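Me: Could you walk me through reading a structure like this one? I would like the general idea behind each feature, then the case at hand.

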Amino acid sequence: VRCVQETDMGTHKSPELNPQVKAQREFKQNYDIEAGAIPSNDQGATNSFDLTKAAHPLACVFHVLFKVLAIVIYLFGGLFENEITIFILVVVFIAFDFWTVKNISGRLLVGLRWWNHIKDDGSETWVFESYDHQITINAIDKNIFWWCQIVSTGFWLLMLFYKIITFSVYWGISALIAFGLTASNLYGYYKCNKQHQKKVESLVKDAGVSLFKTALQNGAGKVFGL
């Protein structure tokens with residue numbers, strides 16, 4: 001199979017790829033498509049967050065719900081409640097969101113999980129867990145998980161910065177708590193995803209080598225009649 005590229009100067013044929021490299025690329029492309037890293041052709045920007053096409057719509061709802069409740073109460077709660085009630089509600093909903101993302105939505109929507117482990121000497125270490133085999137991750141689930149987590153963390157960082165420069169200590173504390181919890185989840189899943197990508201690269205490399213060896217054996221068998 002030759003790669004053909006259409007240009008203004010005519011048809012240009014690129015040289016054949018090394019069979020091992022070609023096998024690795026094909027396996028990586030198939031893996032990414034099934035894992036939701038590469039959206040299908042019929043999936044545009046307009047339906048990237050369509051819950052009707054999500055694999056775990058309920059998990060998506062709760063992944064968004066507590067974030068929205070905390071932000072809405074923080075911005076508009078003063079119209080209905082006193083400062084103490086607002087502070088408590090914001091912290092409670094952010095805590096619910098932290099637990100939900102860390103223990104449920106991260107595992108269901110992107111197949112990742114992280115936690116802190118306390119060693120016997122009292123030191124703390126981060127533990128990252130992901131699938132070590134090929135899985136199917138819905139692209140809608142993935143988009144909702146990452147974008148909502150990034151936007152939520154960015155919002156609380158913005159509020160924290162604003163409260164600092166306006167010397168609003170009371171509301172700055174609530175923004176700091178919210179930013180700390182959302183940023184912890186974002187950082188934990190970012191590191192977990194990076195580790196998972198290394199697993200994928202290792203899996204792709206091993207699969208490419210295996211396919212290359214199989215092709216050589218089959219070729220040798222045909223040549224020598226084995």
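Reply: Gladly. Let's start with polar contacts: a polar contact is a pair of N or O atoms within 3.5 Å, and within protein one must be able to donate a hydrogen and the other to accept it. Keep in mind that this is a predicted model.

Me: Which residue caps the N-terminal end of α3, and through which atoms?

Reply: The cap is N82, with a side-chain oxygen 3.2 Å from the backbone nitrogen of I84.

Me: Where is the kink in helix α3 centred?

Reply: Helix α3 covers residues 83-109, and its kink of about 50° is centred on V101. V101 is also among the buried residues of α3, a list that includes K102 and D97 as well as F93 and I94. After α3 comes G111, which has a positive phi near 70°.

Me: How should I think about positive phi values in general?

Reply: Most residues other than glycine have a negative phi. In this model, F167 is a non-glycine residue with a positive phi, near 55°.

Me: Where does F167 lie, and is F167 buried or exposed?

Reply: F167 sits in the loop between α4 and α5. The cut-off for exposed is over 50% relative accessible area, and F167 has 73%, so F167 is exposed.

Me: What about the nonpolar side chains?

Reply: In soluble globular proteins, nonpolar side chains tend to be buried together. Here the largest nonpolar core has 16 residues, and those with the most contacts inside it are Y74, V90, I94, W156, M159 and A175. Two or more residues of this core come from each of α2, α3, α4 (139-165) and α5 (169-224). The element that gives the most is α2, with five residues.

Me: How far apart are the C-alpha atoms of S184 and K102?

Reply: They are separated by 9.5 Å, although S184 and K102 are 82 residues apart along the chain. S184 is in helix α5 and is partly exposed, with a relative accessible area of 26%. K102, by contrast, is one of the buried residues of α3.

Key:
Residues are numbered from 1 along each chain as its sequence is written. This is a predicted model: local features need pLDDT of at least 70, side-chain atom pairs count only at pLDDT 80 or more; totals for chains, interfaces and linings use all residues. Side-chain values use heavy atoms; hydrogens and water are left out. The bend at a residue is the angle between axes fitted to the seven residues ending there and the seven starting there. Helices (H or I, at least four residues) and strands (E, at least two) are DSSP runs, numbered from the N terminus. Buried means under 20% relative accessible area, exposed over 50%, partly exposed in between (1.4 Å probe, protein chains only). A nonpolar core is a set of buried Ala, Val, Leu, Ile, Met, Phe, Trp, Tyr and Cys residues joined through side-chain atoms within 4.5 Å.
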